Amino acid sequence: MAVDAVDPEALRARIASRIREIAKRRNLPLSRLADRAEVSRAHLWEVLAGRRAPTTDILSRLATALDVDPVALVRPYRKRDDG
């Protein structure tokens with residue numbers, strides 16, 4: 001099965017959207033998320049704005065802070081997605 005190429009900009013936007021969605025469902029302010037993930041707020045804002053691609057280390061820390069598998073931050077939203 002062939003996999004369609006994913007535009008890097010679209011992927012950054014998807015990740016930012018997923019972080020926001022999951023944080024909102026967890027009632028976790030983004031500033032608190034940055035603190036929990038031990039990521040500077042400025043760095044998180046850059047990721048959320050799509051200006052910076054998160055490293056796997058940052059994705060892992062954000063996922064841990066959100067209590068989700070890191071894959072949840074990359075895959076598209078699904079209706080019954082726990083994150």
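Modeller: This is a predicted model, where local features need pLDDT of at least 70, side-chain atom pairs count only at pLDDT 80 or more, and totals for chains, interfaces and linings use all residues. Residues are numbered from 1 along each chain as its sequence is written, and side-chain values use heavy atoms, with hydrogens and water left out.

Biologist: Is Arg51 buried or exposed?

Modeller: Buried means under 20% relative accessible area, exposed over 50%, and partly exposed in between (1.4 Å probe, protein chains only). Arg51 has a relative accessible area of 58%, so the class is exposed.

Biologist: Which residue meets Arg51 in a salt bridge?

Modeller: A salt bridge needs a side-chain nitrogen of Lys or Arg within 4 Å of a carboxyl oxygen of Asp or Glu. For Arg51 the N to O distance is 3.3 Å. The partner is Glu46.

Biologist: How many salt bridges does the count come to by this rule?

Modeller: One of them joins Asp35 and Arg41, with the closest N and O atoms 3.0 Å apart. Asp35 is partly exposed, with a relative accessible area of 40%, and Arg41 also counts as partly exposed at 40%. By the rule the count is 3.

Biologist: Glu21 and Arg18 meet in a salt bridge too; in which helix do they both lie?

Modeller: Their N to O distance is 2.9 Å. Glu21 is partly exposed, at 26% relative accessible area, whereas Arg18 is buried, at 1%. The two are 3 residues apart, about one turn of the helix, and both lie in H1.

Biologist: How are the axes of H1 and H4 oriented to each other?

Modeller: Helices are DSSP runs (H or I, at least four residues), numbered from the N terminus. Axes are lines fitted to C-alpha atoms over the stretch in contact, with angles from 0 to 180 degrees between N-to-C directions. The axes of H1 (residues 8-25) and H4 (residues 56-66) come within 10 Å and cross at roughly 20°. Angles under 35 degrees count as roughly parallel, so H1 and H4 are roughly parallel.

Biologist: Which residues of H4 make the contact with H1?

Modeller: Contact means heavy atoms within 4.5 Å. From H1 the contact takes in Ile15, Ile19, Ile22 and Ala23. On the H4 side the residues are Leu59, Leu62 and Leu66.

Biologist: How many residues of the contact of H1 with H4 are nonpolar?

Modeller: Ala, Val, Leu, Ile, Met, Phe, Trp, Tyr, Cys and Pro count as nonpolar, Asp, Glu, Lys and Arg as charged, and the others, Gly among them, as polar. The contact has no polar and no charged residues, and the nonpolar number is 7.

Conventions
Angles under 35 degrees count as roughly parallel, over 145 as roughly antiparallel, 65 to 115 as roughly perpendicular and the rest as oblique.
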